[in-house]
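Here are my notes for your first look at this fold. Keep the viewer open and find each part as you read.

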Amino acid sequence: MKILALSGIIPEHICDVDRFFAYAGDKKINHYCGYVADYICQVEQDDRYDGAVYPKSCDSCRVISSYLRSDDKFSYQFPSISGNDENAWDFLACVLKDYKSALENFYEIEISVADVENRIEIINKRAKELEKIYENLENISYFEYMTMIHQVLSLPLEEQVGAISSFEINDISQKDNSVFIVGSTLSQLNILQQIEDLGLNIVGDSLPESGRLISKEPVTLSDDVYKSIAKSMLSGKKSPSENDFHQMLELDMEEITSKKVVGVIFLTQKYCEPYNFYKSVYKKKLDELCIKYIEIEQKDTVEDIRADVVLETFAEMIVRN
Ligand code: SF4
């Protein structure tokens, strides 16, 4: 069983999933979001994967199920759930139970409550380990931190905590010019190297594989384990596609002001409508706080972004002040 998951909205508490980061195969459906187009292509073409799980959180995601309709591979689409109250938890708990049953039927396996509780314990521990590193981001290389996360998340869950705690990340000498990264999953790590080489120090982010992952409340075990998972999933920083931009904006601004951030780098995908809406309110807030802002738009997950010039100009503006 090897399942490719799109987006951080997909839970890992029921079974292992690999997170989709990038794919360089054919791009058959690449007019709107290149991220979704590359995801569909990888599920179809990469024989290592026998399943796909993805949300229905935006127009691009909405169509995935019809492109992946086949009897050969497992395919499950999560509905988009907004809110963080009793109704939302109950609804999401039902979805999680349905997801578990779909997995059991397709793979002819049994997933017990004990299996799920064991995974919950590991996921809670993983978040604690990552949080320890995240709290020290201003003193370490963010490029190395994010490279480590991408490597760790591709391991089976039971190996992840050990891998994080044994990872050594170099200290950096650059401690000024603090910047913050906003965006969907980061497919191109080279851009982080460029940012650090320009003398900027990345001190925080709201990416699904880092800041958002850590911001979720730990799952507390209860009689209804699926409801407990649902509560955790709907806590913390959300994606702008989860229909609650106020919550994410507020949490980001708290972090940005407490870390004395002077610039924000917004990494978006081409034609991404949830991030486009979000970007306008985000920029307005940053303007009020006199924090500099730059947007870098990606065409797909493997494009070699030619952001050198814009990033250099942005870095010069920050370093000059
Ligand atoms: S990057 Fe934007 S358009 Fe693409 S899947 Fe995510 S929310 Fe949807």
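Which residue of β4 does Gly51 stand opposite? Find Gly51, then look across to the partner strand. Gly51 faces Phe74 in β4. Keep in mind that this is a predicted model.

1. Strand β3 covers residues 51–55 and pairs with β4 in the parallel sense, over five bridges. Both belong to an open sheet of four strands. The order is β2-β1-β3-β4, and the pairing is parallel. β2 and β4 (74–78) stand at the edges with a single partner strand each, so one side of each has no neighbour in the sheet.

2. Another open sheet has four strands, in the order β6-β5-β7-β8. Its pairing is parallel. Here the edge strands are β6 (201–206) and β8 (292–298). Each has a single partner strand, so one side of each is left without a neighbour in the sheet. On average, neighbouring strands of this sheet are turned by 25° against each other, direction ignored.

3. Look at strand β7, residues 263–269. Seven bridges join β7 to β8, and the two run parallel.

4. **Two domains.** Step back to the whole chain. The chain is divided into domain 1 (3–107) and domain 2 (120–320). Their C-alpha centres lie 22 Å apart. The contact between them takes 34 residues from domain 1 and 40 residues from domain 2.

5. **The domain 1 side of that contact.** Which elements supply at least two residues each to this side? They are β2 (18–19), α1 and α4 (86–107). The largest share comes from α4, with seven residues. By type, this side of domain 1 divides into 16 nonpolar, nine polar and nine charged residues.

6. **α4 against α10.** Stay with α4. It packs with helix α10 (residues 225–233) at an angle of about 115°, and their axes are 8 Å apart. The crossing of α4 and α10 is right-handed. From α4, the contact uses Trp89, Asp90, Leu92, Ala93, Leu96 and Lys97. From α10, it uses Tyr226, Lys227, Ile229, Ala230, Lys231 and Met233. These residues divide into eight nonpolar, no polar and four charged.

7. **α11 against α12.** Next, take another helix pair. Helix α11 (residues 245–258) and α12 pack at an angle of about 35°, with axes 11 Å apart. Their crossing is right-handed. α11 brings Phe245, Leu249 and Met253 to the contact, while α12 brings Tyr278, Val281, Tyr282 and Lys285. Six of the contact residues are nonpolar, none is polar and one is charged.

8. **The ligand.** Why does the ligand's shell lie between the domains? Domain 1 and domain 2 both give residues to the shell, so it lies between them. The residues around the ligand include Cys33, Tyr35, Cys58, Ser184, Gln269 and Tyr275. α1 (34–45), α2 (59–62) and α12 (273–288) each give two or more residues to the shell.

Notes
Residues are numbered from 1 along each chain as its sequence is written. This is a predicted model: local features need pLDDT of at least 70, side-chain atom pairs count only at pLDDT 80 or more; totals for chains, interfaces and linings use all residues. A residue is near a molecule or strand if its C-beta atom, placed from the backbone, lies within 6 Å of it. Domain bounds come from an automatic or database domain assignment. Two residues are in contact if their C-beta atoms, placed from the backbone, lie within 7 Å. Ala, Val, Leu, Ile, Met, Phe, Trp, Tyr, Cys and Pro count as nonpolar, Asp, Glu, Lys and Arg as charged, and the others, Gly among them, as polar. Two strands pair if DSSP finds at least two bridges between them. Axes are lines fitted to C-alpha atoms, for helices over the stretch in contact, and angles run from 0 to 180 degrees between N-to-C directions. A crossing is left-handed if the near helix is turned anticlockwise from the far one by less than a right angle, and right-handed if clockwise.
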